[in-house]
Amino acid sequence: MIVGCGRVGSAIARRMLEEGHEVSVLDEDPEAIAQLEKGIEGTWVDAGGSFTVGTALEMDALEEAGIERADAFVASTDGDNTNLVIAQIAQRRFNTKTVVVRVLDPARATWYEQQGLRTVCPTKIAIEMLDEAVREGLGVG
Amino acid sequence: MYVLVVGAGKVGWNLTRELIQRGNEVTVVEHDPGRYATVEEELEHSAQYGDGSELWVLERAGIERADMVIAVTGDDEDNILICQVAREKYGVERVIARCNNPRNLQHFELLGIKPAVSATDLILRLIEHEVPRYGLLHLLDLPQERLEIIEVEVARGSPADGAPIRDLGLPDGSLAISILRDGTGFVPLADSVVQPGDEVLVVLDMGLEDKVSDRFKAPEGGAAAA
């Protein structure tokens, strides 16, 4: 189950579906389904995916999207706080086995990682890569 | 006491002003530049500009020495996060969160953020408690313990009218703990007789309200006690 159907969420959703997993996506914008249909033949639903419209904190929407039986939960909305809250809901209320959270702010990502959430921080990754690229360019270690 | 308020909307601004007036040291953090400028004109150094869910902004505002953190932004996820880091990361002992959408109260509860104050929920409770049932007043709700204490007025001609406490016929799980009469209160004995106009305090398991209040109501069609 993936909450947040932007560039990141939709790309993961498509990849997972291609690999034969059952994929359910939740987003507050009904138009976001278009992201999922980029580069696939026909509609997302015809391809076997599900899509639910609703806000991330709405319990009804989470349940409708099937959070109760999700093996993995990805929080990839554009709000760090939203992601951190719904990830904890998945973890604590629904005991989802695998919970992954996207957090742009390195400080919050680091602290919540220490609290036992699996966070992925694109900012931290970008910093590492940029740093490496600059050093490589300069020829320094 | 040093209080950190996050969100300078109507609630945050008024709260900050009141807390300052009562002699507290207060900082209010606001992330909207226009709103910040307005608030800062009055509150001056007590207002700080920044996104209150950024840890460095909270640190700059002195969260580490705060006695209390109050998160009253318009976003429930922000209020949850702010209170969670305040308590768990910075060791702030007292937090208060505003819950904008009462449906989100369960999330505050799940993550241990309490008290969470929802104006909508408060008003709904007031409506439920004050408006519909004549002669019944909620004094205390203990949702965790699933108990409540209510005050009911004894109507003339009701089953309770003239009955001793032992014959009130209250359902199991409820107990009359006090009778208020003529401006004084006393703890009733089994043979204390209930009179019309008495106010009886009853402790009860949640959900028994209707069964309890039936004992104090005048029969259908009968006159209610003044």
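This is a predicted model: local features need pLDDT of at least 70, side-chain atom pairs count only at pLDDT 80 or more; totals for chains, interfaces and linings use all residues.
Residues are numbered from 1 along each chain as its sequence is written, and chains are lettered from A in the order in which they are written. Local features need pLDDT of at least 70, side-chain atom pairs count only at pLDDT 80 or more, and totals for chains, interfaces and linings use all residues.

**View 1. The open sheet of chain A.** In chain A, 6 strands form an open sheet with parallel pairing, in the order β3-β2-β1-β4-β5-β6. Strands are DSSP runs of E with at least two residues, helices are runs of H or I with at least four, and both are numbered from the N terminus. β3 (50-53) and β6 (118-120) of chain A stand at the edges with a single partner strand each, so one side of each has no neighbour in the sheet. Strands of a sheet pair through backbone hydrogen bonds.

View 2. β4 (residues 72-75) and β5 (residues 98-102) of chain A pair in the parallel sense over 4 bridges; two strands pair if DSSP finds at least two bridges between them. F73(A) has V99(A) in β5(A) as its bridge partner. α4(A) packs on the sheet, touching β1 (2-3), β4 and β5 of chain A, and its direction makes about 175° with that of β5(A).

**View 3. The contact between chains A and B.** Here 15 residues of chain A are in contact with 16 residues of chain B, where contact means that C-beta atoms, placed from the backbone, lie within 7 Å. On the side of chain A that touches chain B, α4(A) supplies the largest share, 7 residues.

**View 4. Helix α4 of chain A crossing helix α4 of chain B.** The axes of α4(A) and α4 (residues 76-88) of chain B come within 8 Å and cross at roughly 75°. Axes are lines fitted to C-alpha atoms, for helices over the stretch in contact, and angles run from 0 to 180 degrees between N-to-C directions. N81(A), T82(A), L84(A) and V85(A) in α4(A) meet E77(B), D78(B), I80(B) and L81(B) in α4(B).

**View 5. Strands β9, β10 and β11 of chain B.** β9(B) (residues 174-181) pairs with β11(B) (residues 199-205) in the antiparallel sense over 6 bridges, and L175(B) stands opposite V203(B) in β11(B). β9(B) also pairs with β10(B) (residues 184-186), antiparallel over 3 bridges. The bridge partner of R181(B) in β10(B) is T184(B). β9(B) and β10(B) form a hairpin with 2 residues between them, and D182(B) in the turn has a positive phi of about 50°.

Definitions and conventions: Two residues are in contact if their C-beta atoms, placed from the backbone, lie within 7 Å.
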